[in-house]
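Thanks, everyone. Please have a look at the model on the screen, and then I'll take you through two parts of it.

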Amino acid sequence: MNRSIRKIAGKNEFYVLITIVVLCIVIGLINNAFLTLSSAFDIIRSGIEMGIFAVGAYIVIVSGGIDVSCTAVGTFAMFTTTKILYDSKYEGGILLALVMAVGFGLILGILNGTLIAYLKIPPLIATLATGGIINGFMLFFIGSREISNVPKGIYNAGKSMLAVVENEHGFKSALPSTLLILIGVLIVTFFIMRYTMLGRGIFAIGGDMISAQRAGFNIKRTQMFIYAYVGIISGLAGMVHTIMMINSNPLDLSGKEMMVIAAVVIGGARITGGHGSLTGTMLGVSLVTIMSNSLILIGIPSFWQRFVTGLIILIGTGITAYQAKRMKKQLNVEVAD
Amino acid sequence: MSEVFLSVNNVFKSFAGVQALKGVSISIGKGEIRCLAGENGSGKSTLIKVISGFYTPDSGEIIIEGNKHTALSPIESIRNGIQVIYQDFSIFPNLTVAENISLNSQLADNKRLMNWAQIRANAQAALNRIGVKMDLDIKVEMLSVADKQLVAISRALLQNAKLIIMDEPTTALTQKEVSSLFKIIKQVQKEGIATLFVSHKLDEVLEISEKVTILRNGENVVDGDVKDFDMSKFVYYMTGREIVSTTFAPKTGDKEPLLKVENLSLKGGFKDISFELFKGEILGITGLLGSGRTELALSIFGAHPANKGNIYVKGKKVKIHSILDAIRNKIAYVPEDRLTEGLFLPQSINRNIQVSVLKRYRKKLGIYDKKSAKENVQKWVKELSIKTADPELPVVTLSGGNQQRVVLAKWLASDPEILILNGPTVGVDIGSKTDIHQIIRNLAEKGFGIIVISDDIPEVLHNCNRILIMKKGRIVGETDNRSITEKELSMNLSQA
């Protein structure tokens with residue numbers, strides 16, 4: 001009993017959860033509008049997109065890599081898809097848009113995967129380069145003007161809600177249907193990471209690349225899968241952004257990749273690879289979302305929010321780093337009296 | 001004569017014109033414990049890589065259980081029951097014990113999905129085979145070195161190993177752990193599993209092995225029953241020269257100690273440590289792993305400052321709170337694990353030696369004086385006879401013994417007076433070992449005060465004029481090198 005409590009308490013997820021609870025209580029005490037169903041819906045709503053991106057970033061980080069091109073891939077996928085459907089005056093449902101976005105994501109993911117797995121370019125450099133190339137290519141060749149008059153299918157998807165609540169002032173808060181996409185991505189990813197040799201291979205590569213090679217894991221193929229799969233997820237996340245905004249703006253997402261990576265790291269994934277969980281990742285996303293959404297409720301102005309978010313990242317990752325350092329420094333000679 | 005499991009016949013292998021193996025042969029019977037010995041560069045590791053299928057020999061044949069292979073792939077080697085346990089065990093620190101044991105066999109069986117219940121059951125069964133109890137759900141990074149090794153052995157057994165090749169398996173183990181490892185090797189031998197033991201710790205080789213194969217310069221030197229060997233014969237075959245061990249006698253005259261430590265204590269490290277070190281002396285501190293010997297060294301060097309007690313350098317009380325304090329007081333420390341603590345492996349020899357004294361090569365305006373730095377480095381490369389074509393080459397290209405010399409050079413370049421050497425010859429072959437011992441003695445003769453921390457008993461006895469014995473964080477005895485034998489000292493150490 002005591003052991004299992006210590007096991008839970010030793011986990012990074014536990015501290016993130018505590019932080020979230022404390023933060024919620026503090027915000028709730030200052031402004032009781034926070035502890036309502038409608039504000040919960042609002043937070044979930046604004047966390048969906050980052051949540052999907054974060055699942056991708058989680059996989060890459062577990063493998064010991066990093067992908068800073070995820071938002072560029074997402075932007076390319078959503079904007080190009082919207083543009084094509086808009087230009088061709090497509091009137092059908094959302095499915096084609098999602099398939100197209102996934103397709104664009106996959107192609108760009110394979111590009112990343114080729115550079116990293118076969119040309120052995122370090123992931124940070126490779127994705128920094130592709131991120132820039134993708135962005136520039138799109139703005140120049142495909143367009144840079146936002147599309148507000150989105151095709152019908154996207155419009156309808158954006159209006160589709162799972163549940164709606166109304167507060168006493170008559171403001172409506174809704175749980176959008178795109179939540180199902182996040183849940184779907186989570187389920188598939190959880191299954192891959194936990195129950196397939198491919199997923200365990202990702203953990204193995206992140207733990208020790210040479211050992212993984214000696215054990216017989218196909219490193220190139222695994223890396224290719226990682227970046228291709230993350231491309232798909234990024235494409236989906238981008239499309240979700242357009243759906244929820246009912247607007248496709250190619251400049252919306254740029255720069256958000258750092259917040260995504262920060263959320264994953266706060267959730268306990270070590271940037272050096274091999275460690276982390278989807279639960280932790282979702283907790284990290286929740287924390288970051290609550291921070292950036294709700295501090296306004298307790299009167300913290302928006303530029304201070306960025307300060308506080310930065311601080312949380314520093315503290316969140318600092319705790320992990322400090323623990324690792326302490327463990328390394330710990331002396332354990334049994335000294336005789 | 002037992003049945004032959006593996007025989008390698010007349011294998012040649014060259015790399016870019018360098019002939020690593022020149023017609024090497026070795027044969028291992030079923031359930032045999034054989035030792036493969038040789039100095040660094042003798043071709044041991046190349047031979048292992050040929051057997052495990054990582055290298056394809058230029059010519060020669062490999063026969064496993066009667067089947068001839070000219071080109072063996074790693075996966076074929078594994079399917080034929082050959083398992084290599086590398087020095088780093090090739091484990092995944094971030095995964096659990098159960099997964100580490102089972103993952104490789106899952107891969108070899110081409111499984112795509114993870115059946116966690118099955119994985120745990122397999123892991124438990126493998127652990128039971130060697131009679132070890134371990135928490136299956138703990139992450140391997142939390143385990144001791146010895147337990148990590150047990151995980152690697154269990155993993156090999158799970159893959160139906162018929163031959164386990166262990167590369168330097170005892171380097172980081174305590175004496176107790178070594179004997180339990182040997183028990184396990186004997187136990188799996190009863191199941192008909194052969195072990196090829198790669199080691200240059202001679203006493204261990206003589207204890208565990210039945211047969212010995214010795215390589216030198218890529219050729220077979222001798223092959224035979226371990227009974228026909230003794231220590232000096234063994235050393236002769238390995239190095240090709242007679243190595244005479246002499247004891248060290250210092251030329252001391254000073255009354256005042258160079259370093260005096262008084263009632264030094266560190267929580268979780270050691271307690272009430274007092275000793276003196278004189279100029280020209282080599283003081284040995286010996287004790288088992290976990291006796292506090294390394295902590296003591298790190299404390300004097302400022303890496304783990306002591307909680308209580310005093311340190312005097314040349315009669316003056318000094319405060320050592322940081323490594324910088326220690327360097328200012330002319331104390332240098334050569335760490336045990338030269339690879340992670342002492343060197344920047346991908347950087348040049350030149351830069352590695354200069355790193356601790358960069359400040360000295362500052363010309364006006366803080367510009368770096370490349371020329372005089374280089375001259376100084378050349379001096380040390382010559383003095384310590386570091387074998388390299390060019391000091392601009394990365395350190396990683398050097399052999400273990402030469403890397404150790406680079407670490408020494410790095411610290412000597414900072415003009416220390418007190419030199420603390422922690423395990424100066426760990427992982428170094430016997431020839432280089434003798435050379436390093438000679439270097440240490442020369443340094444002592446030049447007036448350095450040297451502390452050698454080591455559990456290599458012959459090393460301590462032959463090279464130190466005084467020896468302190470540490471146990472459970474305390475000094476439990478002091479002796480000189482003439483009044484105690486190897487056996488007595490090793491008995492003394494292993495008694496609880």
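Domain bounds here come from an automatic or database domain assignment. For chain B, that assignment gives domain 1 (4-239) and domain 2 (259-494). A word on the source. This is a predicted model, where local features need pLDDT of at least 70, side-chain atom pairs count only at pLDDT 80 or more, and totals for chains, interfaces and linings use all residues. Residues are numbered from 1 along each chain as its sequence is written, while chains are lettered from A and ligands numbered from 1 in the order in which they are written.

Back to chain B. The centres of domain 1 and domain 2 of chain B, taken over C-alpha atoms, are 33 Å apart. In contact (C-beta atoms, placed from the backbone, within 7 Å) are 10 residues of domain 1 of chain B and 12 residues of domain 2 of chain B. On the domain 1 side, helix H8 (residues 231-239) of chain B gives the largest share, three residues. Helices are DSSP runs of H or I, at least four residues, numbered from the N terminus.

Now chain A. Helix H3 (residues 37-62) and helix H13 (residues 278-294) of chain A have axes that come within 9 Å and cross at roughly 135°. Axes are lines fitted to C-alpha atoms over the stretch in contact, and angles run from 0 to 180 degrees between N-to-C directions. H3(A) and H13(A) are therefore oblique to each other; under 35 degrees is roughly parallel, over 145 roughly antiparallel, 65 to 115 roughly perpendicular, and the rest oblique. Which residues meet? Among them are Gly47(A) and Met50(A) in H3(A), and Val285(A) and Ser286(A) in H13(A).

Terms used:
Helix = DSSP H or I, 4+ residues; strand = E, 2+ residues; numbered from the N terminus. Contact = placed C-beta atoms within 7 Å.
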